[in-house]
Amino acid sequence: MKKAILTAVLLSVSTGLWAAKPITTQIEREYLDTLSLLSAALLRQQNNDAGDKDYGGLLDPENAIYYSRAAEAVYPFTVMYQYTGNSEYRDAAIRLGEWLIRQQQPGGEWIENPWEWTGTTADQLMMLAAAFPALQSYLDRAAQRRWRASMRAAGLYLVEKMEPDFASINYIPTTAGALAVLWQNVAREKVFLDKAKKLAWQTVAKMDQDQFIHGEAARVHGVKYGVDLNYQMDMSLWGLTLYARITGDKAAEEYARRSLAKVIHFVYPNGIIDGSWGARSYKWTGYGTKTADGSQVLFSLFADENTAYQTASLRNLQYLRSAIKQGLVGYGRDIWAFASKTGKPNLYPTFARAKNLAMALEFGRHQRGPGKPLPADKGDWVRYFPSVKVGVIRQGNWMATVSAYDYHDYTDWGKGKYTHFPRGGAIVNLWHDGFGLLTTASQNRYHRGEVIHMPPIESETFPLTPRIEFDSADGYFTNLYETKAKLDIRQQADRVLVETFGQLSDQNYHPGGVAYHYQYTFDDTQLKKSVTLRYHDRRPPVRVIEPIVLDAGVKVSKVGAKKIRITSQRGVLHLRLLKGEADISLGKNAEGYWSPFPGLRTYPIVFELPADKNAITQTIDYVFETGSNR
């Protein structure tokens with residue numbers, strides 16, 4: 001076998017006859033530059049010991065595992081060879097493909113080690129099939145037969161096994177795309193096209209009236225529910241589109257097109273895609289979700305129809321770059337500052353983003369010149385999505401996402417995995433043009449829903465999301481666990497008014513005796529928040545917390561009993577208490593205000609509302625506004 005592996009790689013053709021693929025647009029150069037960085041790091045992780053059983057595999061630096069999924073880098077390596085002519089990448093792709101084929105099970109599937117999950121066979125098949133045409137002439141006849149047989153076996157496994165009853169919804173369109181690529185490049189058998197079409201339309205069937213795709217979280221009576229924006233953008237929509245483009249299914253493509261036209265409103269000016277509110281946001285990184293591929297391929301597939309998609313792709317790529325160190329992608333922008341707490345980086349986001357960039361290069365419809373502005377670059381507008389009870393607001397200098405997403409895992413099928421995403425009418429991300437990202441969001445409690453993908457954290461951490469909360473003998477209660485919150489968003493001539501109300505609840509969604517009413521008023525220069533508490537039979541002291549994102553140079557300081565100055569490298573904001581009684585403290589438990597996901601740090605401003613045994617209600621009003629250094 002070792003001899004066959006070694007002889008499968010032929011000598012390079014004469015450099016005089018070889019021509020690299022041309023780069024004709026700036027966006028292609030951007031994709032290739034970052035792909036080159038990630039691919040070089042992946043190449044350093046390859047096992048080059050021909051006598052070792054894992055010869056050709058990629059070693060994860062965090063867990064010292066040769067992940068079967070890491071072999072998806074066979075396609076990024078192949079694309080790197082096509083664009084650079086560096087035969088080192090071609091040879092690495094062949095070694096990696098041979099390693100993956102040796103891991104294949106008798107039924108045609110690959111096991112996503114260290115689990116027993118086999119749905120990712122779709123991802124591995126797609127990358128092998130996409131790489132095969134460029135590598136085929138460098139394989140001897142035995143190796144060609146071996147690769148073809150492996151890919152066909154994987155395809156037949158997916159034909160038999162892949163269904164919504166088997167996997168989360170993102171696997172369904174991904175498999176449709178994979179089978180379409182298999183049919184196009186390797187095995188022109190009708191069974192693959194028929195299955196791809198069935199899966200594509202099963203995906204469409206899971207779209208609601210706002211074009212969100214349901215089926216990412218827990219099962220109830222065997223059916224999966226739950227929306228996750230980042231899985232939709234990083235996996236599902238491009239998989240559906242790729243299937244449609246290869247097979248000519250215009251109707252399926254139109255569903256993806258409509259969805260993209262809506263979800264682009266979640267792309268912020270700095271390139272983050274706000275998936276913080278989704279059912280699987282425990283892996284939200286700002287640039288996407290940790291183990292999914294990425295949105296560049298999606299945006300590039302439609303860039304010829306609206307160059308704002310190309311702008312979105314580049315902005316998000318720029319944010320992704322902020323999370324890269326020595327070619328490896330971290331879980332978020334500042335994660336490297338937490339290395340002593342999180343350990344070495346995991347390889348998943350690096351090979352996943354590399355394959356996304358490789359696909360964007362190869363499948364994209366790239367446009368010359370600068371793209372149109374993002375929706376986030378100009379206002380004023382509101383997009384409210386009633387199917388998920390989430391709104392995006394762009395008013396004056398402000399951009400915000402408000403979420404009352406009411407999904408919950410009725411039977412705890414996910415054992416807490418889908419419990420801790422923020423909701424209850426919270427502002428899950430807040431941007432100011434003269435300041436930057438002001439507040440953000442994280443899990444309500446750090447829960448390792450996917451243990452291998454989420455580092456263990458021994459120290460106590462706190463939610464990064466702005467919130468109302470209290471502790472009592474009965475537990476911890478917050479609006480972030482309120483699944484029945486009402487949300488109303490009204491756009492007026494010069495402002496946007498938001499009202500949300502519910503019960504402060506624990507992680508079991510049980511109310512704790514205090515109702516809340518949040519009001520947000522956005523105008524061009526101010527964001528006013530009003531918090532009203534209504535007490536049932538309990539009157540605990542309550543905290544209202546505003547964790548400020550610690551970008552470089554951000555400082556938070558008091559300039560009076562009721563006024564806070566927040567400075568950044570871009571500008572100054574003030575926070576003023578306008579009405580009500582509250583003690584304001586800065587930095588309480590500040591060392592715990594960080595999270596591996598989205599890999600950011602914050603600094604808490606805490607309003608403490610004292611218990612009043614005679615009060616029926618309590619209200620405080622405060623405002624964020626443009627300030628000065630005085």
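Tutor: Strands (E, at least two residues) and helices (H or I, at least four) are DSSP runs, numbered from the N terminus. This is a predicted model, where local features need pLDDT of at least 70, side-chain atom pairs count only at pLDDT 80 or more, and totals for chains, interfaces and linings use all residues. Residues are numbered from 1 along each chain as its sequence is written, and side-chain values use heavy atoms, leaving out hydrogens and water.

Student: Where does Pro-598 sit?

Tutor: Pro-598 lies in the loop between strand 21 (594-595) and strand 22 (600-609). The bond joining Phe-597 to Pro-598 is a cis peptide bond, with omega about 15°.

Student: And which peptide bond has omega near 10°?

Tutor: The one from Asn-113 to Pro-114, also cis. Pro-114 is in the loop between helix 4 and helix 5. Most peptide bonds are trans, and most residues other than glycine have a negative phi.

Student: What about Lys-389?

Tutor: Its phi is near 55°, again positive. Lys-389 occupies the loop between strand 5 (381-385) and strand 6 (390-395), and at 15% relative accessibility it counts as buried.

Student: New topic: which residues are buried in helix 2?

Tutor: Among them are Ile-27, Glu-28, Glu-30, Tyr-31, Leu-32 and Thr-34. Leu-35, Leu-38 and Ser-39 are also included.

Key. Buried < 20%, exposed > 50% of the residue type's maximum accessible area, 1.4 Å probe, protein only.
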